[in-house]
Amino acid sequence: MSEPVRVGVVGMGTVGSGVVRLLVESADHIERHAGRPIVVAKAVVKDVAKARSVDVPGGHLSADYHDVSRDPSISVAALLVGGLEPARTIMIDLLEHGKDVVTANKALLAEHGPELFELARRKGRSIAFEAAVAGGIPIVAAIGECLAANRIESIRGILNGTSNFILTRMEEDGADYADVLKLAQEKGFAEADPSMDVDGTDATQKLAILAHLAFGVWVPWGEIPRMGIEGIDLGLLRYAAELGYRIRLVAVASRSDGRLAMRVAPALVKQGTPLAETRGAYNAVSIVGDAVGRMFFHGLGAGQMPTASAVVADIIDTVVGRTAITFKTTGVLSADSPAARIAGVDMLERHFLRIRVKDRPGVLARITGILGEHGISIASVIQHDASQAGDATVPLVIMTHPCGSNAIRKAVDHIDAADVVSGRSVCLSVLDE
Ligand code: HSE
């Protein structure tokens with residue numbers, strides 16, 4: 001029988017515990033795929049005395065990651081610590097000491113990817129990161145390997161399970177935002193700092209990684225226009241439903257005229273389309289390739305076992321040697337990746353506007369006049385009968401025909417400056433397919 005491969009698991013939170021469980025409970029099955037047994041040699045935790053839901057075989061626990069990096073019998077390390085530090089320091093130490101690394105930490109890759117990947121290359125090691133994007137969906141392999149023959153034209157994704165879970169519960173049950181967020185945390189979907197889920201940071205970091213794989217360019221995630229779901233209220237969800245849509249946090253990267261347009265923002269998605277039917281903690285990615293056409297991937301994007309599924313598959317790929325081959329040939333996250341400039345790139349789409357206006361004569365004409373001045377044509381308007389006309393504000397909902405994102409932004413600024421408008425208007429893109 002072949003010698004077992006000894007793996008170090010650094011971080012035993014939600015995902016790390018799932019990885020140990022899978023390696024132990026599915027050991028026979030995993031051995032068949034890897035061609036040799038894979039054993040957990042050491043698990044690194046914050047507190048070795050703490051009671052845990054999963055037993056580490058032989059009780060090989062340590063509070064010091066050096067017990068993995070300095071152990072020459074360990075060849076593969078799963079780095080399952082979130083956030084930037086100490087994760088970056090640990091990753092560097094693991095690579096310096098000759099470990100191949102598997103990680104689920106998208107923030108670390110989005111922030112320090114090029115530096116870490118260069119170090120891995122210099123050391124002749126590999127980094128695998130399927131679990132960093134869309135949890136259990138094998139989207140990194142799909143874009144990086146299976147669709148390699150295609151020029152990718154666009155990616156649209158629901159990449160954050162927590163915000164999708166919140167939006168779905170609000171829409172279906174009329175549930176309160178804060179209560180659903182708490183539930184998502186209890187279920188282990190949310191980041192340690194859940195503001196990164198709801199403000200779009202998490203989805204933006206994942207989009208930066210996918211766009212790199214798909215388009216070969218490196219876009220610092222902070223440059224990608226981003227809007228979270230904090231401003232989405234039940235009223236908006238109801239108007240969207242009235243028009244035949246749902247609201248989802250959608251990450252978009254698409255090529256047009258040789259330039260790349262990217263953003264993460266809530267958008268109206270047409271009921272019945274795959275993105276609109278993606279519910280709960282599910283993630284979805286729709287990709288258009290020039291040879292393959294449109295493809296759709298759907299699966300659990302957050303949570304213990306779906307993410308562990310991707311981590312363990314990467315461990316097997318690393319043990320078998322597939323990761324090293326892909327890592328060498330694709331030049332993924334190499335320092336030579338060209339930077340893409342995405343600022344100001346226009347996207348031509350329909351838009352949904354909710355404007356709070358005073359219910360007075362001439363107000364509708366004023367608003368539609370401003371849209372007309374900016375060359376924006378209106379497709380439909382909703383204003384429900386208010387009990388009393390006058391100074392109370394009423395929501396005015398407008399759906400436009402396709403118009404440029406730069407034009408609509410200017411028009412909304414112009415509208416919000418009008419004295420008949422209260423507060424900031426909401427402007428969301430509309431995705432009809
Ligand atoms: N917090 C993430 C989400 C899971 O809710 O999708 C890990 O990426």
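The domain assignment of the protein chain lists domain 1 (5-135 + 307-330), domain 2 (139-300) and domain 3 (348-431). The structure is a predicted model, and the centres of domain 1 and domain 3, taken over C-alpha atoms, are separated by 51 Å.

**Packing of helix 2 and helix 12**

- Helix 2 (residues 27-34) packs with helix 12 (residues 304-320) at an angle of about 40°, and the axes of the two helices lie 9 Å apart.
- The crossing in which helix 2 passes helix 12 is right-handed.
- On the helix 2 side the contact involves Ile30, His33 and Ala34, which meet Val312, Ile316, Val319 and Val320 of helix 12.
- Sorted by class, the residues in this contact of helix 2 with helix 12 comprise six nonpolar and one polar, with no charged residues.

- Asp71 sits in the loop that runs between helix 3 (66-69) and strand 4 (74-79).
- The relative accessibility of Asp71 is 17%, so Asp71 counts as buried, the cut-off for that class being under 20% relative accessible area.
- When residues up to four places away in sequence are left out of the count, Asp71 touches Arg6, His66 and Lys99.

Conventions. Residues are numbered from 1 along each chain as its sequence is written. This is a predicted model: local features need pLDDT of at least 70, side-chain atom pairs count only at pLDDT 80 or more; totals for chains, interfaces and linings use all residues. Side-chain values use heavy atoms; hydrogens and water are left out. Helices (H or I, at least four residues) and strands (E, at least two) are DSSP runs, numbered from the N terminus. Buried means under 20% relative accessible area, exposed over 50%, partly exposed in between (1.4 Å probe, protein chains only). Contact means heavy atoms within 4.5 Å. Axes are lines fitted to C-alpha atoms, for helices over the stretch in contact, and angles run from 0 to 180 degrees between N-to-C directions. A crossing is left-handed if the near helix is turned anticlockwise from the far one by less than a right angle, and right-handed if clockwise. Ala, Val, Leu, Ile, Met, Phe, Trp, Tyr, Cys and Pro count as nonpolar, Asp, Glu, Lys and Arg as charged, and the others, Gly among them, as polar. Domain bounds come from an automatic or database domain assignment.
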